Amino acid sequence: MFRSVVVVLFISAILSACAPTSPPQMGPDGLPLPKIYRISNSSKGKIQFRMLDSVNTLRQAAGASPVQLNAALNAAAATHSRDMANQNRAWHFGSDGSSPIDRVARSGYSGQALGETISETYETELQTLAAWMEQSDTRAVILDPNAHNLGFSWYQEDNGKIWWTLITGG
């Protein structure tokens, strides 16, 4: 009896491995459609430190000194990410006409704002960083040798769209 149950389970396992799986949905570009990347409240710090570690790895490879997270710059990045979502456009100006320099000053950061990178996407923070590194202007912000501090935050809409903001300061 036991032997027949084991044989039936074994055959079932083999047959289930042969069951067809549904292929991923493809977009018009022929690539699989992205899955929505949901950010939980508990992962906020993990995401910020994962970005910090990744940025510092890239900076080290480029011969630049590491940066550290700065609470004031994080606040400026969070404010701008939410504002871009409210405006429904990724750009460097706030709904009140503020520039990155204005927002960094308002946040209480005592240093100088050096640069800002932004993105409107459904991608993860590391996919977004990779896209930023492919563009010379955003790569220059990330690798700026004068940068000592980093602010990084986002706002995620209910539909999964993420508005990312990275700010460097010296």
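What is the relative accessibility of Glu-120, and does this residue count as buried, partly exposed or exposed?

Modeller: Glu-120 has a relative accessibility of 38% and therefore counts as partly exposed (buried means under 20% relative accessible area, exposed over 50%, and partly exposed in between, with a 1.4 Å probe and protein chains only). The model is a predicted one, in which local features need pLDDT of at least 70 and side-chain atom pairs count only at pLDDT 80 or more, while totals for chains, interfaces and linings use all residues. Residues are numbered from 1 along each chain as its sequence is written, and side-chain values use heavy atoms, with hydrogens and water left out.

The side chain of Glu-120 meets that of Lys-161 in a salt bridge of 2.9 Å, N to O (a side-chain nitrogen of Lys or Arg within 4 Å of a carboxyl oxygen of Asp or Glu). Because Glu-120 lies in strand S2 and Lys-161 in the loop between S3 and S4, the pair ties together parts that are 41 residues apart in sequence. Helices (H or I, at least four residues) and strands (E, at least two) are DSSP runs numbered from the N terminus. Lys-161 is at 13% relative accessibility and so counts as buried.

The structure has four salt bridges by this rule. One of them joins Arg-103 and Glu-116 at 2.9 Å, N to O. Here Arg-103 belongs to helix H4 (residues 100-107) and Glu-116 to strand S2 (residues 113-121), so the link spans 13 residues in sequence. Both Arg-103 and Glu-116 are buried.

Glu-120 is also among the contacts of Trp-163, together with residues that include Ser-119, Arg-89, Trp-154 and Glu-157; contact means heavy atoms within 4.5 Å, and this list leaves aside neighbours within four places in sequence. Trp-163 is part of strand S4 and counts as buried because its relative accessibility is 0%.

The charged end of Arg-89 sits over the ring of Trp-91, 3.6 Å from its centre (NZ of Lys or CZ of Arg within 6 Å of the ring centre and within 35 degrees of the ring normal). Trp-91 counts as partly exposed, since its relative accessibility is 28%. Trp-154, at 12% relative accessibility, counts as buried. Trp-154 forms one aromatic cluster with Phe-152 and Trp-164 (rings of Phe, Tyr and Trp, the last by its six-membered ring, pair if their centres lie within 6.5 Å; planes under 30 degrees apart count as stacked, over 60 as edge-to-face and the rest as tilted). Trp-164 counts as buried because its relative accessibility is 0%.
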